[in-house]
Amino acid sequence: KNKRKILIGVNASEETIKSLTLDSFRFIHFACHGFHDYKYPLRSSLILTNNDNKKNDGFLQAREIYGLDIRADLVVLSACQTGSGLMETVEGPIGLMRPFFYAGARSVISSLWQINDKASLLFMKEFYRYLGHGYSTTKALQLTKKRMLRSIYSSPFYWAGLILTGDPAAVSTGF
């Protein structure tokens, strides 16, 4: 508990994220809105609090994420359409996942489509519970999806779009 930093409300701002020493976090979790710009993929953004700062607009854009220094084993993007993007022949989708890898993340969980807030809350609680019990990221994701099948959010619409990209063994010993 003493090794976490939770940012909510006015503290969950673009300027705060940019000012943190992100390379000291093993897990980074964004629970916010996501916006994908298909015409200009580098403008795709995580929408954070806007503190009326003239330098930062509250949109943590893909082009800005490239400049972050991250050494996290896992970045979770619990926001709409963070795993989708304009498909590039060799590189795959140009969206919000790629800049996190460039910035140093070993693996990223993202969503392929819009997500439901209540279903995502249940999903993430279960996912982190499995990680805390020592399951690997891939096993925790698999068990969470099986658990969702037995919940009121059993439709794949609520959970199938959450995918893991990157090193499947990045987290293998729990917290």
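A polar contact here is a pair of N or O atoms within 3.5 Å; within protein, one of the two must be able to donate a hydrogen and the other to accept it, and residues adjacent in sequence count only if both atoms are side-chain atoms. The model is a predicted one, so local features need pLDDT of at least 70 and side-chain atom pairs count only at pLDDT 80 or more, while totals for chains, interfaces and linings use all residues. Residues are numbered from 1 along each chain as its sequence is written, and side-chain values use heavy atoms, with hydrogens and water left out.

Take Ser84, to begin with. The side chain of Ser84 makes a polar contact with the side chain of Tyr38, at 3.4 Å. Ser84 sits in the loop between strand S5 (74–78) and strand S6 (86–88); helices (H or I, at least four residues) and strands (E, at least two) are DSSP runs, numbered from the N terminus. Ser84 is buried, with a relative accessible area of 12%, where buried means under 20%, exposed over 50% and partly exposed in between (1.4 Å probe, protein chains only). Leaving aside residues up to four places away in sequence, Ser84 touches His36, Tyr38, Pro93, Ile94, Gly95, Ser111 and Leu112; contact means heavy atoms within 4.5 Å.

Then there's Ser44, found in the loop between strand S2 (33–35) and strand S3 (45–47). Ser44 is buried, its relative accessible area being 0%. The side chain of Ser44 has a polar contact with the side chain of His36, at 3.0 Å. Among the residues touched by Ser44 are also Phe35, Leu60 and Leu96.

Now for the nonpolar parts. A nonpolar core is a set of buried Ala, Val, Leu, Ile, Met, Phe, Trp, Tyr and Cys residues joined through side-chain atoms within 4.5 Å. The largest one has 23 residues, and Ile28, Phe30, Leu46, Ile70, Val75, Leu77 and Phe100 touch the most other members. Strand S1 (27–31), helix H2 (62–65), S5 and helix H3 (97–103) each give two or more residues to this core, and H3 gives the most, with three. Apart from this core lies another, of 17 residues, including Val76, Ala119, Tyr130 and Leu131.

Finally, what about Asp117, buried or exposed? Asp117 is exposed, with a relative accessible area of 62%, and lies in helix H4 (residues 117–132).
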